[in-house]
2 protein chains.
Amino acid sequence: MTPLALLLLAATAPVPAQQVAPPPAPPTVSRARPTPLPVAVDPKVAALRDKALGDDVAWAITEGLTTEIGARGTAGSAGQARAREWAVTRLKALGFRNVRIEPYDVPEAWERGIETAEVIAPFPQALKLTALGNSGATPAAGLTGEIAYFDSLNALLLAPESAVRGKIAFVSNAMLPTQDGSSYGSAGSARFVGPNVAAKKGAAAIVIRSIGTDHGRGPHTGSTNFEAGVRPIPAAALSVADAGNLERMVARGRPVTLRLVLTPRIVGTRASGNVVAEVPGTDPRAGVVLIGGHLDSWELGTGAIDDASGLGITTAAAKLVMDAGRPRRTIRVVWFGDEEIGGVGGQAYARAHAGERHATASESDFGADRVWRFETSFADAARPVGDRLAVALAPLGIVRGTGQAGDGTDIAPVIRTGVAGVDLNQSGLRYFDVHHTPEDTLDRVNKDDLRQNVAAWTAMLAIVADAPEEIGPVPPLR
Amino acid sequence: MTPLALLLLAATAPVPAQQVAPPPAPPTVSRARPTPLPVAVDPKVAALRDKALGDDVAWAITEGLTTEIGARGTAGSAGQARAREWAVTRLKALGFRNVRIEPYDVPEAWERGIETAEVIAPFPQALKLTALGNSGATPAAGLTGEIAYFDSLNALLLAPESAVRGKIAFVSNAMLPTQDGSSYGSAGSARFVGPNVAAKKGAAAIVIRSIGTDHGRGPHTGSTNFEAGVRPIPAAALSVADAGNLERMVARGRPVTLRLVLTPRIVGTRASGNVVAEVPGTDPRAGVVLIGGHLDSWELGTGAIDDASGLGITTAAAKLVMDAGRPRRTIRVVWFGDEEIGGVGGQAYARAHAGERHATASESDFGADRVWRFETSFADAARPVGDRLAVALAPLGIVRGTGQAGDGTDIAPVIRTGVAGVDLNQSGLRYFDVHHTPEDTLDRVNKDDLRQNVAAWTAMLAIVADAPEEIGPVPPLR
């Protein structure tokens, strides 16, 4: 037993979890409040959690996927098909049950093409960029246009059409790192909706500063979306360094002309799938504990932190719990497909498993840095489960957050049906340095941090899957 | 007057420099020894040095070149031609005299082409690499071959021809950062001579792990050389991350097959040139103080730390000294061309100025991080000049080193004729993270560190250009 376990036992022994007197029932969903002490957690949970700190399974999966498959691609890609076969073999070898591929189709699959840019005048030179998912295409010979510069999405929104029409809009808002990743929402709007806004104002194309917290040359891709009836314009992200260079050119006051060559295309419907593996539980009526990450990855890097590590973390934790004895609830590990293009795999999962009872849903899709916080959205009766999580996770340096859990593109369709969420939040302070760039490779994963993740997930699964309390349903999110 | 200047004055006022009693004469060249105190430095030097800490000229040059020209290219490139015109305009505007282009030819100019690589088996995926300067070409459709892995250049040297013949040699030695940059010499041999060794053993091609201290996806280019009579083979550097991936594939024990497409070519003789600017001195017989950096840059980045910043630092320092009054010695600032392909501009300079007396030669070509050390190779009579440098540079955090000065590809031909060197060594702890990669861009330059460089060079020039002692000639290096 490690010092961590000793520390935990000293604080919590020996009252069994289910005998702790429940606090007064809160009015609706049990969230943000201090953990009432003493709360006891079964010492077996601490022992299993600390065993997870020596785990090698998560690394083997992360290393294996990034080395033997590399980039998996998105939108029903051939790389995902290879990765699914790899996954089935690996998950069976680990001892999981009911390992299977659940197929679905990806309609209107988008495929990356050539992507180059150069300043034509006044300072001729090449710039590094990458197309955004769902970008329109330029002519094969390229599209040449004058830059219309906006320092923010807001500035683009305020601009009259005459300032944008026929031009290449350039939206360059900077992003700073946040531990909870919330700056992705604010800065990311330039990518999520900027192209649609520019298209509606008549822009010939749009380039944005990458939604990233680095200052490097690897551009950050990611999906954008155009409203129905709006014709997709060429839309790309300059690397942060290249956006800075283009800003300096603009600042000199002369018109800046850019030539873009972007040749993505829509290749029609493609077959794809989720990979599912289970740890069968003893009580089918108690509901499934759904966990997982996503198998697809943008083709620029090898998808190590996005999201091979998430697959490794959740799978390793499930295996540790499985090897410790059969849990009350079935733990279902899903390696979702096609997350990056809007959660196609997650939607397919929700359709295929509609009507089935889920106790909780949790996703690991935020890299492999240390988990610093957990959040839950439990029904009142399950509040003690959250309290036990707080005690079991604290020795890993994990605090209890005050937000509504259920984060993750893949689990969102299940969460929306009223399933409780349990989120284990990794630190986002470095995540957006490499997110969706060529730099998302294995060397970004720290083995010790990865093991801390596995330990957190192991403790969570051990508590949630065996909890005697009823967990959920909860009021559907929003 | 800044605190730095006060600190210096407290230690050194008020004896004029030239009245300090010289220490006992050492037998040959004055090097490595503690500074005898008290040594007095003219307070005007300290004032000028501290004024340099507010300099904006170095930044303006670095920012201007990287923004308005971008990558300059190598080997008589069109980018260098544009940059030379830019330089003449800028140097004249700064008030320098005798601003001119000194033309020369680059024979057998090498030009980069397409450069892609993919693993064919057993784990199909693309890898990121870049051709080394002077690399041979593959057929346009590519060259496919099995990897012969070597963990070091030494392993390749020891290998029998049968282990290499017809294969793609893969030499993967890691490089750790060193403050003095010395690991470039040891690790760099894989690039400098590895391709020649592999070619002589009959390899079809060679890929090396990038000579870099990062772990990113930007491959590090740089020149290699083949002996006369050895036919150049395709030679490229994988990014450090991609080399790691390929190593992991090799470690799985199955043969690994790679396809390379590298289409560089020799384009014949091209016209190029150095840009020269002067601060005329009062005493033509005292010899020229030669300083500078290089104008060419590898086409992957925008050549900010290699070497726009070196041009900015040396030029800004010369201007500060110029504006303070006419020095005894002529300061000549040279923006050398075609350094990256073996110092073609430096050789041309030495030919053009053969027989002219140089007092000292110094080059700034190691980025823009803080200067941490200085070294000299002065004749005995000039030892007090070194002592005064030690006193004037100490408040900037600069120590006196024990090595032989005269470092730099461009000044090497002049140094070899017996000219004294003065080296101001920047820290190399981060330099090889981005050296010769796409990441060599303006954002890598810290403005405060850049100013510390300018201050160091300003103090050095103020002391050396005005020194009443004779400086050099010295015994030629090696």
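**Interface and sheet architecture of the predicted model**

Arg252(B) and Glu63(A) form a salt bridge, with their closest N and O atoms 2.5 Å apart. A salt bridge is a side-chain nitrogen of Lys or Arg within 4 Å of a carboxyl oxygen of Asp or Glu. The model is predicted, so local features need pLDDT of at least 70 and side-chain atom pairs count only at pLDDT 80 or more, while totals for chains, interfaces and linings use all residues. Residues are numbered from 1 along each chain as its sequence is written, chains are lettered from A in the order in which they are written, and side-chain values use heavy atoms, with hydrogens and water left out.

Between chain B and chain A, six salt bridges are counted. The elements giving two or more residues to the side of chain B that touches chain A are α3 (57-69) and α8 (240-251) of chain B. Helices (H or I, at least four residues) and strands (E, at least two) are DSSP runs, numbered from the N terminus. α3(B) gives the most to this side, with six residues. By residue class, the side of chain B that touches chain A holds eight nonpolar, 12 polar and 10 charged residues. Here Ala, Val, Leu, Ile, Met, Phe, Trp, Tyr, Cys and Pro count as nonpolar, Asp, Glu, Lys and Arg as charged, and the others, Gly among them, as polar.

The contact (heavy atoms within 4.5 Å) draws 30 residues from chain B and 30 residues from chain A. About 2300 Å² is buried between the two chains, and carbon and sulfur atoms give 42% of this area. Buried area is the accessible area (1.4 Å probe) that two parts lose on being put together, summed over both.

Within chain A, eight strands form an open sheet of mixed pairing, in the order β1-β12-β14-β13-β15-β18-β16-β17. Two strands pair if DSSP finds at least two bridges between them. β1 (97-106) and β17 (399-400) of chain A are the edge strands, each pairing on one side only. β1(A) runs antiparallel to β12 (residues 270-279) of chain A, and eight bridges join the two. Arg97(A) has Glu278(A) in β12(A) as its bridge partner.

Over all chains, the whole structure holds 60 salt bridges. One of them joins the side chains of Arg112(A) and Glu299(A) (3.0 Å, N to O). This pair links distant parts of the chain, 187 residues apart. Arg112(A) lies in the loop between β2 (110-111) and β3 (115-121) of chain A. Glu299(A) lies in the loop between β13 and α9 (304-323) of chain A.
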